Amino acid sequence: MNYSTTSDLKKDYMALSNFCDRTPRDDVIYGIHHFLEELPKPKTEETSAPNIEEDQNEEPQQVSEKPAETAVVNRLQIDDFTDLDEGDIHKIQTEISIFRPNPRLCFLDALPLAKSIAIVPLNFSSLKLVSCGLSTQSIRALGIALTHRKTLRYLSVEMNPINKSFNQIDEELTSRSEMIEKMHLSISIKTNEKVEEDDPKKKKKVVPKLLTNNKKVEENSEELQLINERFFTSENTSPFAPLFMTSAKYLSLRGNDLTDDDAVFIAKILQDNSELFSLNLFGNKIGDVGGVAIANALKTNQKLLSLSLAMNRITDKTVIEICNSMSSYDIYSEEEFQKARECIYKSYYGYLNISRDPTTQKLNLPQVPPNLMSEAEKKKVKSSASSSTKPTKLGVVPEVLQWDKDAKRYEEEISLMSPRKSPTTTKKPSPFSPQKKSRPTTPSKVVQTEDLRQTIAPKPIYNVPGNSLIRNINLGSNPDVTDLGANYFLSAIEYNSNICRISLSETMVTDIMFEKIVGKLLGQSEENQ
(Lines give C-alpha, C1' and ligand atoms only; values in the text may rest on other atoms or scores of the structure.)
Protein backbone atom coordinates (compact mmCIF):
# COMPACT_ATOMS: atom_id res chain seq x y z
CA MET A 1 0.00 0.00 0.00
CA ASN A 2 1.53 3.32 -1.15
CA TYR A 3 0.57 6.38 0.88
CA SER A 4 2.62 9.50 1.61
CA THR A 5 2.09 11.02 5.01
CA THR A 6 1.00 14.60 5.56
CA SER A 7 2.95 14.80 8.86
CA ASP A 8 -0.39 15.46 10.57
CA LEU A 9 -1.76 12.45 12.44
CA LYS A 10 -5.34 13.71 12.21
CA LYS A 11 -5.25 14.16 8.45
CA ASP A 12 -3.54 10.80 7.93
CA TYR A 13 -6.16 9.05 10.04
CA MET A 14 -9.04 10.66 8.12
CA ALA A 15 -7.49 9.84 4.75
CA LEU A 16 -6.77 6.22 5.65
CA SER A 17 -10.27 5.81 7.05
CA ASN A 18 -11.71 6.94 3.73
CA PHE A 19 -9.55 4.35 1.97
CA CYS A 20 -11.29 1.69 4.09
CA ASP A 21 -14.72 3.13 3.22
CA ARG A 22 -15.08 4.13 6.85
CA THR A 23 -16.25 7.47 8.20
CA PRO A 24 -13.59 8.96 10.51
CA ARG A 25 -14.61 8.92 14.15
CA ASP A 26 -14.95 12.30 15.84
CA ASP A 27 -13.93 10.90 19.23
CA VAL A 28 -10.66 9.68 17.67
CA ILE A 29 -9.99 12.98 15.89
CA TYR A 30 -10.64 15.01 19.04
CA GLY A 31 -8.45 12.63 21.02
CA ILE A 32 -5.34 13.40 18.93
CA HIS A 33 -3.27 16.26 20.32
CA HIS A 34 -0.08 17.86 19.02
CA PHE A 35 2.15 19.83 21.36
CA LEU A 36 5.25 21.91 20.81
CA GLU A 37 7.46 21.87 23.89
CA GLU A 38 9.81 24.76 24.53
CA LEU A 39 11.88 25.85 27.47
CA PRO A 40 11.02 29.32 28.80
CA LYS A 41 13.36 32.04 27.59
CA PRO A 42 15.27 33.83 30.33
CA LYS A 43 13.87 37.25 31.13
CA THR A 44 16.20 40.13 30.28
CA GLU A 45 15.62 43.08 32.59
CA GLU A 46 16.29 46.50 31.12
CA THR A 47 18.82 48.49 33.11
CA SER A 48 17.41 51.89 34.09
CA ALA A 49 19.27 54.92 35.34
CA PRO A 50 19.88 54.90 39.09
CA ASN A 51 17.59 57.07 41.20
CA ILE A 52 19.51 59.51 43.38
CA GLU A 53 16.74 59.64 45.99
CA GLU A 54 17.07 55.89 46.71
CA ASP A 55 18.96 54.77 49.74
CA GLN A 56 22.60 54.37 48.91
CA ASN A 57 23.10 51.67 51.55
CA GLU A 58 20.35 49.43 50.18
CA GLU A 59 21.85 46.27 48.74
CA PRO A 60 20.68 45.21 45.26
CA GLN A 61 18.39 42.20 45.18
CA GLN A 62 19.99 39.06 43.79
CA VAL A 63 17.86 37.27 41.24
CA SER A 64 18.38 33.48 41.34
CA GLU A 65 18.19 31.97 37.90
CA LYS A 66 16.73 28.48 37.63
CA PRO A 67 18.81 25.97 35.74
CA ALA A 68 17.45 24.63 32.48
CA GLU A 69 16.93 21.17 33.98
CA THR A 70 14.46 22.39 36.64
CA ALA A 71 12.67 24.92 34.43
CA VAL A 72 9.02 24.29 33.61
CA VAL A 73 8.47 23.27 29.99
CA ASN A 74 5.90 25.30 28.09
CA ARG A 75 3.51 23.17 26.02
CA LEU A 76 1.83 24.89 23.12
CA GLN A 77 -0.98 22.98 21.42
CA ILE A 78 -0.68 22.90 17.63
CA ASP A 79 -3.78 22.65 15.43
CA ASP A 80 -2.33 23.70 12.09
CA PHE A 81 1.10 22.84 10.65
CA THR A 82 1.09 25.42 7.84
CA ASP A 83 2.75 28.19 9.87
CA LEU A 84 5.48 25.95 11.33
CA ASP A 85 9.03 25.69 10.11
CA GLU A 86 10.52 22.36 9.10
CA GLY A 87 12.70 22.36 12.22
CA ASP A 88 9.70 22.85 14.50
CA ILE A 89 7.79 19.92 13.00
CA HIS A 90 10.36 17.47 14.36
CA LYS A 91 9.94 18.97 17.85
CA ILE A 92 6.20 18.23 18.02
CA GLN A 93 5.04 15.73 20.64
CA THR A 94 1.93 13.71 19.73
CA GLU A 95 -0.48 12.21 22.26
CA ILE A 96 -3.71 10.24 21.84
CA SER A 97 -6.35 9.98 24.57
CA ILE A 98 -9.64 8.19 23.83
CA PHE A 99 -12.14 7.59 26.66
CA ARG A 100 -15.30 5.51 26.39
CA PRO A 101 -16.14 5.92 22.68
CA ASN A 102 -19.71 5.08 21.68
CA PRO A 103 -19.92 2.85 19.75
CA ARG A 104 -16.73 0.94 20.44
CA LEU A 105 -13.58 1.16 18.32
CA CYS A 106 -13.86 -1.75 15.91
CA PHE A 107 -11.04 -3.04 13.73
CA LEU A 108 -11.94 -0.63 10.89
CA ASP A 109 -11.39 2.25 13.32
CA ALA A 110 -8.21 0.90 14.94
CA LEU A 111 -6.49 -0.11 11.69
CA PRO A 112 -6.31 3.40 10.09
CA LEU A 113 -5.22 4.80 13.45
CA ALA A 114 -2.47 2.17 13.74
CA LYS A 115 -1.29 2.82 10.18
CA SER A 116 -1.13 6.57 10.73
CA ILE A 117 0.81 6.07 13.98
CA ALA A 118 3.34 3.91 12.13
CA ILE A 119 4.07 6.34 9.28
CA VAL A 120 3.76 9.83 10.75
CA PRO A 121 7.24 11.42 11.27
CA LEU A 122 6.51 12.87 14.70
CA ASN A 123 7.64 12.14 18.23
CA PHE A 124 4.80 9.96 19.45
CA SER A 125 4.95 9.97 23.25
CA SER A 126 1.65 8.80 24.78
CA LEU A 127 -1.36 6.59 23.99
CA LYS A 128 -4.32 6.19 26.35
CA LEU A 129 -7.26 3.95 25.44
CA VAL A 130 -9.91 3.53 28.14
CA SER A 131 -13.04 1.39 27.67
CA CYS A 132 -12.69 1.29 23.90
CA GLY A 133 -13.92 -2.29 23.40
CA LEU A 134 -10.77 -3.32 21.57
CA SER A 135 -10.47 -6.81 20.14
CA THR A 136 -7.38 -9.01 19.87
CA GLN A 137 -6.95 -7.96 16.22
CA SER A 138 -7.07 -4.26 17.13
CA ILE A 139 -4.58 -4.61 19.99
CA ARG A 140 -2.22 -6.53 17.75
CA ALA A 141 -2.39 -3.88 15.00
CA LEU A 142 -1.78 -1.05 17.47
CA GLY A 143 1.03 -2.95 19.22
CA ILE A 144 2.93 -3.60 15.99
CA ALA A 145 2.42 0.01 14.88
CA LEU A 146 3.82 1.28 18.17
CA THR A 147 7.08 -0.60 17.60
CA HIS A 148 7.82 2.09 14.98
CA ARG A 149 7.62 4.79 17.62
CA LYS A 150 10.81 4.68 19.65
CA THR A 151 9.82 7.89 21.46
CA LEU A 152 6.79 6.25 23.11
CA ARG A 153 6.92 6.59 26.89
CA TYR A 154 3.40 6.14 28.28
CA LEU A 155 0.99 3.41 27.15
CA SER A 156 -2.35 2.83 28.84
CA VAL A 157 -4.92 0.26 27.69
CA GLU A 158 -7.46 0.11 30.50
CA MET A 159 -10.93 -1.38 30.98
CA ASN A 160 -10.64 -3.37 27.74
CA PRO A 161 -11.43 -6.99 28.59
CA ILE A 162 -11.24 -9.27 25.58
CA ASN A 163 -14.70 -10.16 24.31
CA LYS A 164 -15.13 -13.24 22.09
CA SER A 165 -18.01 -11.68 20.17
CA PHE A 166 -15.87 -8.62 19.39
CA ASN A 167 -13.10 -10.92 18.12
CA GLN A 168 -15.49 -12.72 15.78
CA ILE A 169 -16.89 -9.48 14.39
CA ASP A 170 -13.45 -7.92 13.82
CA GLU A 171 -12.10 -11.12 12.29
CA GLU A 172 -14.80 -10.90 9.61
CA LEU A 173 -13.95 -7.25 9.01
CA THR A 174 -10.32 -8.03 8.17
CA SER A 175 -11.36 -9.63 4.88
CA ARG A 176 -14.07 -7.11 4.06
CA SER A 177 -12.17 -5.47 1.19
CA GLU A 178 -8.85 -5.70 -0.61
CA MET A 179 -7.73 -2.29 0.70
CA ILE A 180 -8.23 -3.40 4.31
CA GLU A 181 -6.18 -6.54 3.73
CA LYS A 182 -3.34 -4.53 2.15
CA MET A 183 -3.31 -2.04 5.01
CA HIS A 184 -3.33 -4.84 7.55
CA LEU A 185 -0.42 -6.62 5.85
CA SER A 186 1.59 -3.39 5.66
CA ILE A 187 1.89 -3.22 9.45
CA SER A 188 1.99 -6.96 10.22
CA ILE A 189 4.81 -9.42 10.67
CA LYS A 190 4.85 -11.54 7.55
CA THR A 191 7.01 -14.32 6.19
CA ASN A 192 8.80 -14.02 2.88
CA GLU A 193 9.45 -17.51 1.53
CA LYS A 194 12.60 -17.57 -0.58
CA VAL A 195 13.18 -20.20 -3.25
CA GLU A 196 15.79 -22.78 -2.31
CA GLU A 197 18.51 -23.45 -4.85
CA ASP A 198 19.91 -26.83 -5.86
CA ASP A 199 23.18 -26.22 -4.05
CA PRO A 200 22.58 -27.02 -0.36
CA LYS A 201 25.20 -24.45 0.65
CA LYS A 202 23.22 -21.67 -0.97
CA LYS A 203 19.88 -22.47 0.62
CA LYS A 204 18.21 -19.45 2.13
CA LYS A 205 16.17 -19.60 5.27
CA VAL A 206 12.58 -18.48 5.57
CA VAL A 207 12.79 -15.25 7.54
CA PRO A 208 9.89 -13.15 8.82
CA LYS A 209 10.06 -9.49 7.91
CA LEU A 210 8.75 -6.66 10.07
CA LEU A 211 8.11 -3.34 8.38
CA THR A 212 9.66 -1.04 10.93
CA ASN A 213 11.99 1.92 11.17
CA ASN A 214 14.23 0.12 13.65
CA LYS A 215 17.24 -1.10 11.66
CA LYS A 216 18.35 -3.37 14.50
CA VAL A 217 15.13 -5.33 14.30
CA GLU A 218 15.13 -5.41 10.50
CA GLU A 219 18.68 -6.70 10.10
CA ASN A 220 18.72 -9.15 12.98
CA SER A 221 16.43 -11.78 11.47
CA GLU A 222 17.13 -14.34 14.21
CA GLU A 223 15.82 -11.97 16.87
CA LEU A 224 12.86 -11.04 14.70
CA GLN A 225 11.91 -14.67 14.26
CA LEU A 226 12.09 -15.13 18.03
CA ILE A 227 9.84 -12.10 18.55
CA ASN A 228 7.33 -13.50 16.09
CA GLU A 229 7.27 -16.90 17.81
CA ARG A 230 7.23 -15.44 21.30
CA PHE A 231 4.57 -12.78 20.91
CA PHE A 232 2.27 -14.13 18.21
CA THR A 233 2.62 -17.79 17.23
CA SER A 234 3.36 -19.24 20.67
CA GLU A 235 0.57 -21.02 22.51
CA ASN A 236 1.65 -19.51 25.85
CA THR A 237 1.00 -15.94 24.75
CA SER A 238 -1.50 -13.25 25.70
CA PRO A 239 -3.81 -10.98 23.66
CA PHE A 240 -1.93 -8.05 25.22
CA ALA A 241 1.47 -9.45 24.21
CA PRO A 242 2.08 -6.91 21.38
CA LEU A 243 2.01 -4.07 23.91
CA PHE A 244 5.22 -5.43 25.45
CA MET A 245 7.06 -5.06 22.11
CA THR A 246 6.92 -1.28 22.36
CA SER A 247 9.45 1.10 23.87
CA ALA A 248 6.98 2.30 26.52
CA LYS A 249 8.46 2.90 29.95
CA TYR A 250 5.10 3.10 31.73
CA LEU A 251 2.46 0.48 30.92
CA SER A 252 -0.98 0.36 32.52
CA LEU A 253 -3.28 -2.65 32.00
CA ARG A 254 -5.92 -1.85 34.60
CA GLY A 255 -9.22 -3.70 34.57
CA ASN A 256 -8.59 -5.97 31.58
CA ASP A 257 -9.59 -9.22 33.34
CA LEU A 258 -6.05 -10.61 33.03
CA THR A 259 -5.77 -14.18 34.33
CA ASP A 260 -2.92 -16.32 35.62
CA ASP A 261 -2.06 -17.36 32.05
CA ASP A 262 -1.58 -13.72 31.08
CA ALA A 263 0.50 -13.08 34.19
CA VAL A 264 2.76 -16.07 33.47
CA PHE A 265 3.44 -14.68 30.00
CA ILE A 266 4.11 -11.22 31.45
CA ALA A 267 6.57 -12.80 33.88
CA LYS A 268 8.55 -14.34 31.00
CA ILE A 269 8.85 -10.90 29.42
CA LEU A 270 9.89 -9.24 32.69
CA GLN A 271 12.49 -11.92 33.30
CA ASP A 272 14.87 -10.97 30.52
CA ASN A 273 13.38 -8.67 27.90
CA SER A 274 11.59 -5.59 29.12
CA GLU A 275 12.15 -1.84 29.03
CA LEU A 276 9.40 -1.09 31.53
CA PHE A 277 9.98 1.15 34.53
CA SER A 278 6.40 0.91 35.77
CA LEU A 279 3.77 -1.84 35.35
CA ASN A 280 0.21 -1.38 36.60
CA LEU A 281 -1.91 -4.57 36.80
CA PHE A 282 -4.59 -3.13 39.07
CA GLY A 283 -8.07 -4.66 39.03
CA ASN A 284 -7.50 -7.96 37.22
CA LYS A 285 -8.03 -11.65 38.03
CA ILE A 286 -4.45 -12.67 38.78
CA GLY A 287 -4.03 -15.32 41.47
CA ASP A 288 -1.04 -16.89 43.20
CA VAL A 289 0.05 -18.78 40.08
CA GLY A 290 0.59 -15.59 38.13
CA GLY A 291 1.69 -13.60 41.16
CA VAL A 292 4.44 -16.08 42.06
CA ALA A 293 5.61 -16.13 38.43
CA ILE A 294 5.94 -12.33 38.41
CA ALA A 295 7.72 -12.44 41.78
CA ASN A 296 10.27 -14.94 40.45
CA ALA A 297 10.82 -12.74 37.39
CA LEU A 298 11.81 -9.85 39.66
CA LYS A 299 14.96 -11.77 40.66
CA THR A 300 16.59 -11.11 37.30
CA ASN A 301 14.74 -7.98 36.15
CA GLN A 302 17.04 -4.94 36.03
CA LYS A 303 14.60 -2.19 34.97
CA LEU A 304 11.26 -2.31 36.81
CA LEU A 305 10.88 0.29 39.56
CA SER A 306 7.14 0.17 40.26
CA LEU A 307 4.70 -2.77 40.36
CA SER A 308 1.00 -2.79 41.18
CA LEU A 309 -0.93 -6.01 41.84
CA ALA A 310 -3.70 -4.28 43.76
CA MET A 311 -7.28 -5.59 43.63
CA ASN A 312 -6.40 -9.04 42.32
CA ARG A 313 -6.68 -12.50 43.88
CA ILE A 314 -3.24 -12.94 45.43
CA THR A 315 -2.58 -14.24 48.93
CA ASP A 316 0.33 -14.38 51.36
CA LYS A 317 2.07 -16.85 49.05
CA THR A 318 2.63 -14.17 46.43
CA VAL A 319 3.65 -11.60 49.05
CA ILE A 320 6.27 -13.97 50.49
CA GLU A 321 7.74 -14.67 47.04
CA ILE A 322 7.92 -10.95 46.25
CA CYS A 323 9.84 -10.39 49.47
CA ASN A 324 12.10 -13.36 48.77
CA SER A 325 12.94 -11.95 45.34
CA MET A 326 14.75 -9.06 47.06
CA SER A 327 17.04 -11.28 49.14
CA SER A 328 20.00 -13.30 47.95
CA TYR A 329 19.36 -16.91 47.00
CA ASP A 330 21.34 -20.07 46.26
CA ILE A 331 21.82 -21.77 42.90
CA TYR A 332 22.52 -25.49 42.76
CA SER A 333 23.60 -26.11 39.15
CA GLU A 334 25.80 -24.51 36.50
CA GLU A 335 22.97 -24.45 33.97
CA GLU A 336 20.70 -22.53 36.33
CA PHE A 337 23.48 -20.02 37.03
CA GLN A 338 24.23 -19.45 33.35
CA LYS A 339 20.52 -18.97 32.61
CA ALA A 340 20.11 -16.45 35.44
CA ARG A 341 23.24 -14.58 34.36
CA GLU A 342 22.04 -14.40 30.76
CA CYS A 343 18.66 -13.04 31.90
CA ILE A 344 20.41 -10.38 33.99
CA TYR A 345 22.41 -9.07 31.05
CA LYS A 346 19.51 -9.22 28.60
CA SER A 347 17.28 -7.32 31.01
CA TYR A 348 19.93 -4.65 31.70
CA TYR A 349 21.23 -4.01 28.18
CA GLY A 350 18.17 -5.03 26.17
CA TYR A 351 17.75 -8.21 24.21
CA LEU A 352 18.58 -6.67 20.81
CA ASN A 353 21.50 -4.56 22.04
CA ILE A 354 23.90 -7.39 22.93
CA SER A 355 26.05 -8.70 20.11
CA ARG A 356 26.04 -12.35 19.14
CA ASP A 357 28.61 -14.79 17.89
CA PRO A 358 28.12 -15.02 14.10
CA THR A 359 28.62 -18.79 14.05
CA THR A 360 26.88 -20.04 17.19
CA GLN A 361 24.40 -17.12 17.63
CA LYS A 362 25.17 -17.08 21.35
CA LEU A 363 25.25 -13.84 23.28
CA ASN A 364 28.69 -12.29 23.71
CA LEU A 365 28.62 -11.95 27.49
CA PRO A 366 31.71 -10.86 29.43
CA GLN A 367 33.88 -13.50 31.01
CA VAL A 368 32.87 -14.70 34.43
CA PRO A 369 34.90 -12.81 37.07
CA PRO A 370 37.44 -14.76 39.16
CA ASN A 371 35.24 -14.72 42.25
CA LEU A 372 32.77 -17.00 40.42
CA MET A 373 35.33 -19.39 38.93
CA SER A 374 36.32 -22.75 40.29
CA GLU A 375 39.97 -23.60 40.80
CA ALA A 376 39.99 -25.70 37.63
CA GLU A 377 38.55 -22.84 35.59
CA LYS A 378 41.11 -20.38 36.97
CA LYS A 379 43.97 -22.68 35.96
CA LYS A 380 42.41 -23.16 32.52
CA VAL A 381 42.17 -19.40 31.97
CA LYS A 382 45.79 -18.87 33.00
CA SER A 383 47.15 -21.68 30.84
CA SER A 384 45.17 -21.02 27.65
CA ALA A 385 44.66 -17.59 26.14
CA SER A 386 41.01 -16.73 25.69
CA SER A 387 39.98 -16.72 22.05
CA SER A 388 38.21 -13.47 21.16
CA THR A 389 34.93 -13.85 19.32
CA LYS A 390 34.07 -11.44 16.54
CA PRO A 391 30.88 -9.59 17.43
CA THR A 392 28.23 -8.92 14.85
CA LYS A 393 27.68 -5.51 13.31
CA LEU A 394 24.78 -4.92 15.68
CA GLY A 395 25.16 -4.52 19.41
CA VAL A 396 28.10 -4.27 21.76
CA VAL A 397 29.86 -6.60 24.12
CA PRO A 398 28.54 -5.60 27.58
CA GLU A 399 30.72 -4.80 30.55
CA VAL A 400 30.69 -6.75 33.80
CA LEU A 401 27.65 -5.83 35.90
CA GLN A 402 27.51 -5.32 39.64
CA TRP A 403 25.48 -8.53 39.87
CA ASP A 404 28.57 -10.55 38.94
CA LYS A 405 30.66 -8.72 41.52
CA ASP A 406 28.14 -9.26 44.33
CA ALA A 407 27.57 -12.94 43.52
CA LYS A 408 29.62 -15.51 45.42
CA ARG A 409 30.80 -19.02 44.73
CA TYR A 410 30.92 -21.42 47.62
CA GLU A 411 34.29 -22.96 48.42
CA GLU A 412 34.74 -26.48 47.23
CA GLU A 413 34.54 -28.88 50.13
CA ILE A 414 35.15 -32.60 50.36
CA SER A 415 31.88 -34.37 49.81
CA LEU A 416 30.58 -36.56 52.61
CA MET A 417 29.60 -39.14 50.06
CA SER A 418 33.18 -39.90 49.13
CA PRO A 419 35.35 -39.50 52.25
CA ARG A 420 39.08 -39.68 51.83
CA LYS A 421 40.43 -43.08 52.78
CA SER A 422 43.23 -43.12 55.35
CA PRO A 423 46.25 -45.30 54.47
CA THR A 424 46.07 -48.68 56.19
CA THR A 425 49.00 -50.91 57.12
CA THR A 426 48.59 -54.64 56.98
CA LYS A 427 49.61 -56.36 60.18
CA LYS A 428 50.70 -59.95 60.37
CA PRO A 429 48.64 -62.05 62.72
CA SER A 430 50.44 -63.17 65.87
CA PRO A 431 50.65 -66.93 66.44
CA PHE A 432 49.66 -66.43 70.11
CA SER A 433 46.57 -64.28 69.40
CA PRO A 434 43.29 -66.10 68.89
CA GLN A 435 41.95 -66.00 65.39
CA LYS A 436 38.83 -63.86 64.95
CA LYS A 437 36.05 -65.14 62.85
CA SER A 438 34.89 -62.84 60.08
CA ARG A 439 31.31 -61.72 60.47
CA PRO A 440 29.09 -61.80 57.41
CA THR A 441 27.87 -58.43 56.22
CA THR A 442 24.20 -57.87 56.82
CA PRO A 443 22.15 -56.40 53.99
CA SER A 444 20.37 -54.09 56.44
CA LYS A 445 23.46 -51.91 56.88
CA VAL A 446 23.79 -51.52 53.11
CA VAL A 447 20.23 -50.34 52.88
CA GLN A 448 20.88 -47.84 55.64
CA THR A 449 23.88 -46.34 53.86
CA GLU A 450 21.93 -46.06 50.60
CA ASP A 451 19.10 -44.31 52.40
CA LEU A 452 21.65 -41.98 54.00
CA ARG A 453 23.02 -41.02 50.61
CA GLN A 454 19.56 -40.25 49.32
CA THR A 455 18.65 -38.07 52.31
CA ILE A 456 21.73 -35.84 52.02
CA ALA A 457 20.57 -32.55 50.46
CA PRO A 458 22.45 -31.16 47.44
CA LYS A 459 24.91 -28.41 48.18
CA PRO A 460 24.55 -24.98 46.57
CA ILE A 461 27.24 -23.79 44.18
CA TYR A 462 26.49 -20.05 43.96
CA ASN A 463 24.85 -17.37 46.06
CA VAL A 464 23.54 -14.50 43.93
CA PRO A 465 21.91 -11.18 44.90
CA GLY A 466 18.21 -10.52 44.55
CA ASN A 467 16.34 -7.49 43.26
CA SER A 468 17.54 -4.22 44.80
CA LEU A 469 16.00 -1.82 42.28
CA ILE A 470 12.24 -1.89 42.81
CA ARG A 471 10.98 1.09 44.79
CA ASN A 472 7.19 0.97 44.77
CA ILE A 473 5.00 -2.10 45.45
CA ASN A 474 1.21 -1.82 45.59
CA LEU A 475 -0.59 -4.91 46.95
CA GLY A 476 -3.69 -3.17 48.32
CA SER A 477 -7.29 -4.37 48.04
CA ASN A 478 -6.30 -8.04 48.34
CA PRO A 479 -8.32 -9.33 51.33
CA ASP A 480 -6.35 -12.60 51.57
CA VAL A 481 -3.09 -10.79 52.42
CA THR A 482 -2.44 -11.00 56.18
CA ASP A 483 0.32 -10.36 58.72
CA LEU A 484 1.90 -13.68 57.77
CA GLY A 485 3.01 -12.37 54.39
CA ALA A 486 3.50 -8.75 55.41
CA ASN A 487 5.99 -9.81 58.09
CA TYR A 488 8.45 -10.80 55.35
CA PHE A 489 8.75 -7.16 54.28
CA LEU A 490 10.71 -6.45 57.47
CA SER A 491 13.62 -8.54 56.24
CA ALA A 492 13.15 -7.59 52.56
CA ILE A 493 13.65 -3.89 53.38
CA GLU A 494 17.10 -4.70 54.77
CA TYR A 495 18.16 -6.29 51.47
CA ASN A 496 16.60 -3.62 49.25
CA SER A 497 17.47 -0.20 50.62
CA ASN A 498 15.92 1.54 47.57
CA ILE A 499 12.34 0.55 48.35
CA CYS A 500 10.41 3.57 49.57
CA ARG A 501 6.69 2.75 49.26
CA ILE A 502 4.69 -0.36 50.17
CA SER A 503 0.89 -0.20 49.92
CA LEU A 504 -1.14 -2.74 51.91
CA SER A 505 -4.38 -0.79 52.26
CA GLU A 506 -7.71 -2.65 52.41
CA THR A 507 -6.05 -5.93 53.34
CA MET A 508 -6.11 -8.04 56.52
CA VAL A 509 -2.79 -6.58 57.69
CA THR A 510 -3.15 -5.19 61.20
CA ASP A 511 -2.18 -1.68 62.24
CA ILE A 512 0.62 -3.02 64.44
CA MET A 513 2.29 -4.79 61.52
CA PHE A 514 1.74 -1.78 59.29
CA GLU A 515 3.47 0.49 61.83
CA LYS A 516 6.43 -1.90 61.98
CA ILE A 517 6.83 -1.77 58.19
CA VAL A 518 6.55 2.03 58.15
CA GLY A 519 9.11 2.31 60.94
CA LYS A 520 11.45 0.01 59.06
CA LEU A 521 11.10 2.12 55.90
CA LEU A 522 11.74 5.35 57.79
CA GLY A 523 14.75 3.88 59.56
CA GLN A 524 16.17 2.60 56.29
CA SER A 525 15.74 6.00 54.63
CA GLU A 526 17.56 7.72 57.52
CA GLU A 527 20.46 5.30 57.18
CA ASN A 528 20.71 6.01 53.44
CA GLN A 529 20.85 9.74 54.08
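Which helix lies across strand 11, strand 12 and strand 13? Helix 13 (residues 334–349) does so, running at about 125° to strand 11; axes are lines fitted to C-alpha atoms, for helices over the stretch in contact (heavy atoms within 4.5 Å), and angles run from 0 to 180 degrees between N-to-C directions. Helices (H or I, at least four residues) and strands (E, at least two) are DSSP runs, numbered from the N terminus.

The model is predicted: local features need pLDDT of at least 70, side-chain atom pairs count only at pLDDT 80 or more, and totals for chains, interfaces and linings use all residues. Residues are numbered from 1 along each chain as its sequence is written, and side-chain values use heavy atoms, without hydrogens and water.

The 3 strands form an open antiparallel sheet in the order 11-13-12, where pairing requires at least two DSSP bridges. Strand 11 (329–331) and strand 12 (408–409) are the edge strands. Strand 11 pairs with strand 13 (residues 462–464) over 3 bridges, and Y329 stands opposite V464.

Two of the aromatic pairs are tabulated below; rings of Phe, Tyr and Trp (its six-membered ring) pair with centres within 6.5 Å, and planes under 30 degrees apart count as stacked, over 60 as edge-to-face and the rest as tilted.

| Pair | Centre distance | Plane angle |
|---|---|---|
| F337 and W403 | 6.0 Å | 20° |
| Y345 and Y349 | 6.3 Å | 5° |

F337 lies in helix 13 and W403 in helix 15 (residues 402–406), so their pair ties together parts 66 residues apart in sequence. Both F337 and W403 are buried (under 20% relative accessible area; exposed is over 50%, partly exposed in between; 1.4 Å probe, protein chains only). Ring pairs link F337, W403 and Y462 into a cluster. Within helix 13, Y345 and Y349 are separated by about one helical turn. Y345 is buried at 0% relative accessibility, whereas Y349 is partly exposed at 22%.
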